[in-house]
Amino acid sequence: MITLLNGEHWMPDELTAEMHDDGFYYNELSTTKALSTSSLSQILSNPEEFYKELKGRERKPSDALRMGNLVHWGYLEPEKFYKLTFVDAERTNAKEFTTAVAEHGVRNVYKAKEQRIAESYVDVLNNKEPLINIRKNAELEVPAIKMLLDIPIRGKADMISGDTIYDLKTTRVNPSDFNWWKVR
């Protein structure tokens, strides 16, 4: 049995089945009901900001996070990527961009330049032989939820192939400075 932070009880298989739907996963199963890796990291690094978000304050995603989302969708969920609205504007305060945001929502509008950059990254990923073979046999976007010390913790694995979990990450960190221990 999974007991959410609001007291709801779910059978694990039923909850996991619902978690395949992003609307449910990100909205219905928000941090008011279950924690995620992101929320746990934020609690540790900036508990005050986590509390503000818990009370309804929306955080503006960084440019790096927006690009990471685009690459993730482009590679793992292209149907979501191509449902987004891409605007040929240099700035986010340009009239055509703000008009598109008013119509489609801030989380669904990106600059055409961002689209081209993300597609170039996705092209690189799609042409790496080891990734082609891994992805061919992998399950994508696999949700899971477990109780840890009576706290529900949710997550989605980007890819699972056999007994290996693959997590796609984008970063601007120099590879020689990357914390490989943390990845393992």
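User: Hi! Before we start, what does "contact" mean here?
Analyst: Contact means heavy atoms within 4.5 Å. Keep in mind that this is a predicted model.

User: Great. Leaving aside neighbours within four places in sequence, which residues is Q42 in contact with?
Analyst: Beyond those neighbours, Q42 is in contact with P47, E49, F50, E53 and R59.

User: And which helix does Q42 lie in?
Analyst: Helix α3, which covers residues 37–45, holds Q42.

User: Does Q42 count as buried or exposed, and why?
Analyst: Q42 counts as buried because its relative accessibility is 9%, and the cut-off for buried is under 20%.

User: What does the side chain of Q42 make a polar contact with?
Analyst: With the side chain of E53, at 3.1 Å. E53 is also one of the residues in contact with Q42 listed above.

User: Switching topic: how many helices and strands does the chain have?
Analyst: There are 10 helices and seven strands. The C-alpha trace spans about 50 × 40 × 35 Å along its principal axes, and 32% of the 184 residues count as buried.

User: Now pockets. What volume does the second largest pocket have?
Analyst: About 310 Å³. Its lining has 12 residues, with V71, Y121, K169, T170 and T171 nearest the centre.

User: Which elements give two or more residues to that lining?
Analyst: Those are α5 (63–76) and α8 (112–126). The most comes from α5, which gives four residues.

User: What's the lining like by class?
Analyst: In the second largest pocket, seven lining residues are nonpolar, three are polar and two are charged.

Conventions
Residues are numbered from 1 along each chain as its sequence is written. This is a predicted model: local features need pLDDT of at least 70, side-chain atom pairs count only at pLDDT 80 or more; totals for chains, interfaces and linings use all residues. Side-chain values use heavy atoms; hydrogens and water are left out. On a 1 Å grid over the protein atoms alone, a cavity is a set of points where a 1.4 Å probe fits but cannot get out, and a pocket is an open set with protein on both sides within 12 Å along at least five of seven lines; lining residues have an atom within 4 Å of a point. Grid points are joined across faces, edges and corners, and a volume is the space filled by probe spheres set on the points. Ala, Val, Leu, Ile, Met, Phe, Trp, Tyr, Cys and Pro count as nonpolar, Asp, Glu, Lys and Arg as charged, and the others, Gly among them, as polar. Buried means under 20% relative accessible area, exposed over 50%, partly exposed in between (1.4 Å probe, protein chains only). A polar contact is a pair of N or O atoms within 3.5 Å; within protein, one must be able to donate a hydrogen and the other to accept it, and residues adjacent in sequence count only if both atoms are side-chain atoms.
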